[in-house]
Amino acid sequence: MAPQLSSLAASAGICVVSALALALMVITLYIIGVVVSFAVFRIRKFTQRAHDRPPLIGTVFRQLNNFDKIFDEHVKYALLHPTIRHVYPGHSEILTADPAVIEHILKTNFGSYFIGAFNTETVKDLFGNGIFVTDGEKWQHQRKLASHEFSTKVLRDYSSDVFRMNPMKLAEKTSAAAANRITINLQDLLMRTTMDSIFEVGFGFDLNTLSGSDESSIEFSKAFDEANSLVYHRYVDMFWELKRYLNIGSEAKLKRSIKIIDNFVIQLIHQKREIMKNISGHKARDDILSRFILESEKDPGTMNDRYLRDIVLSFLIASKDTTWNTLTWFFYMLCKNPVVQDKVAFEIREYVEWTQEDTSMEIFTARLKQGAIDKMHYLHAAITETLRLYPGVPVDGKMADEYDVLPNGQRVIKGDGMNYMIYAMAKT
């Protein structure tokens, strides 16, 4: 019996080793295939360096090497040439800071540039079929829905109330810290406040990450930020698809984060549907999710819970980072320019009719109506200048769906990525 068991164990061991060897061989062949195909593509590009193509200044490896300072790297590109090109496996990525070229992409020849399969595949695990990933009919459908819903007075009034109340909580927190001479991480607080505000407008749910009292909300917020970062890093990671298939490294982290996001959001959608069944009137229908749920009743086959998740999550992704980034840079610029800071503070006090005797944050918030905000032209100019210097979206792009010639005479090949460097434009 013992010899038989030993023989069986030896056979099992050989099978395991063989399977591991086979897996290792497949991975090795995959990596070799990617590297060889990239090398062949790179050599072909160099041997066919046409003068009517944007200057070729590097590969995806240059992007990877400078990923932590990529937007400053874009400034270097723009100073070197207004429009340049990088080589990626299988296609080229064109980057431009030329206003005429950008107008051509986004307006004059808009129909020739789409999100494209490369971008869709890269971000779809997180964005699903949201407006930033889809083309064609789905894009038109979501754009039509969003443009209508975002223009309604009910949503504007609701969002205005949210954007007054949540910053009041932040102001109370920072005032208490200042009174007690406690150092705070303003960037983190702005990020939490923005997340709470955008989430409440989007889902009608108080996430309350600013207080840090709800563990599930904190877990969702962390997963959301991590997933955003990991998906963006895919653009310079040549092996992310292999890592996703093997469920290792950054892709394993991304999968866990997306699972947390999906569970949290789908549960909220189910709760919202139940609430809307039991409560009538506008109060249950003020947020974006509620309004899209009403629309979904007209086409339940298309607008299922997963589709609603993609639509509202896209709104959250688009709004959160752009807002808190801008606010962080705005306060940074105020600290660097005390004269501007004093003028902004004076204008705010003037139009909310704030005096030294006023100390209540509730009174200040009550007076901060749209009419008062509309009069704050200097504040508006300061925020606008912040956006010019530090845009909420530092770079954005599409892919060419057909051959094209740019206004500068340079040729675009079908499948080229076309990126416009918004941050670099202000620095050149």
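Which residue in β3 does Ile84 stand opposite? I looked this up first, and Ile84 stands opposite Leu95 in β3. I am working from a predicted model.

**Overview**

I counted 18 helices and eight strands in the chain. Of its 428 residues, 41% are buried. I also checked the contacts with a separation of 6 or more, and 68% of them are between residues 24 or more positions apart.

**The sheet**

I traced an open sheet of six strands and noted the order β1-β2-β3-β8-β5-β4, with mixed pairing. The edges are β1 (56-59) and β4 (113-114); each has a single partner strand, so one side of each is left without a neighbour in the sheet. I kept in mind that strands of a sheet pair through backbone hydrogen bonds, either parallel or antiparallel.

I then went through the pairs. β2 and β3 are antiparallel and share six bridges. They form a hairpin with two residues between the strands, where I found Gly90 with a positive phi near 95 degrees. β3 (residues 91-96) and β8 (residues 417-421) run parallel and are joined by four bridges. Across that pair, I found Ile94 opposite Met418 in β8. β5 and β8 are antiparallel, with five bridges, and Asp396 stands opposite Tyr420 in β8. β4 and β5 are also paired in the antiparallel sense, over two bridges; here Phe114 has Met399 in β5 as its bridge partner.

Is β3 mostly covered or uncovered? I found six of its six residues buried, so I logged the strand as mostly covered. On one side I listed His91, Glu93 and Leu95, and on the other Ser92, Ile94 and Thr96; both faces are covered.

I also looked at what lies against the sheet. Helix α5 lies across β2 (83-88), β3, β4 and β5 (395-400), and runs at about 130 degrees to β5.

**The cores**

Which residues touch the most other members of the largest nonpolar core? I noted Leu126, Phe199, Phe220, Phe224, Ile261, Phe292 and Leu316, in a core of 41 residues. At least two residues of this core come from each of α5 (116-127), α7 (153-179), α8 (186-203), α9 (215-233), α11, α12 and α13 (305-336). Apart from this core I found another, of 13 residues, among them Val75, Tyr77, Met421 and Tyr423.

I followed up Phe199 separately. Leaving aside its neighbours within four places in sequence, I listed its contacts as Gly204, Phe205, Leu207, Phe220, Phe264, Leu268 and Leu316.

**α11 against α12**

At what angle do the axes of helix α11 and helix α12 cross? I read roughly 75 degrees for α11 (residues 249-278) and α12 (residues 288-296), with the axes coming within 10 Å. That makes α11 roughly perpendicular to α12. From α11, the residues at this contact are Ile269, Lys272, Arg273 and Met276; from α12 they are Leu289, Ser290, Ile293, Leu294 and Ser296. I sorted the contact by class and got five nonpolar, two polar and two charged residues.

**Ser175**

I placed Ser175 in helix α7. Its relative accessible area is 38%, which lies between the 20% and 50% cut-offs, so I logged Ser175 as partly exposed. I also noted the pair Ser175 and Met361: they are 186 residues apart in sequence, and their C-alpha atoms are 10.0 Å apart in space.

Note on methods
Residues are numbered from 1 along each chain as its sequence is written. This is a predicted model: local features need pLDDT of at least 70, side-chain atom pairs count only at pLDDT 80 or more; totals for chains, interfaces and linings use all residues. Side-chain values use heavy atoms; hydrogens and water are left out. Axes are lines fitted to C-alpha atoms, for helices over the stretch in contact, and angles run from 0 to 180 degrees between N-to-C directions. Angles under 35 degrees count as roughly parallel, over 145 as roughly antiparallel, 65 to 115 as roughly perpendicular and the rest as oblique. Contact means heavy atoms within 4.5 Å. Ala, Val, Leu, Ile, Met, Phe, Trp, Tyr, Cys and Pro count as nonpolar, Asp, Glu, Lys and Arg as charged, and the others, Gly among them, as polar. A nonpolar core is a set of buried Ala, Val, Leu, Ile, Met, Phe, Trp, Tyr and Cys residues joined through side-chain atoms within 4.5 Å. Buried means under 20% relative accessible area, exposed over 50%, partly exposed in between (1.4 Å probe, protein chains only). Two strands pair if DSSP finds at least two bridges between them.
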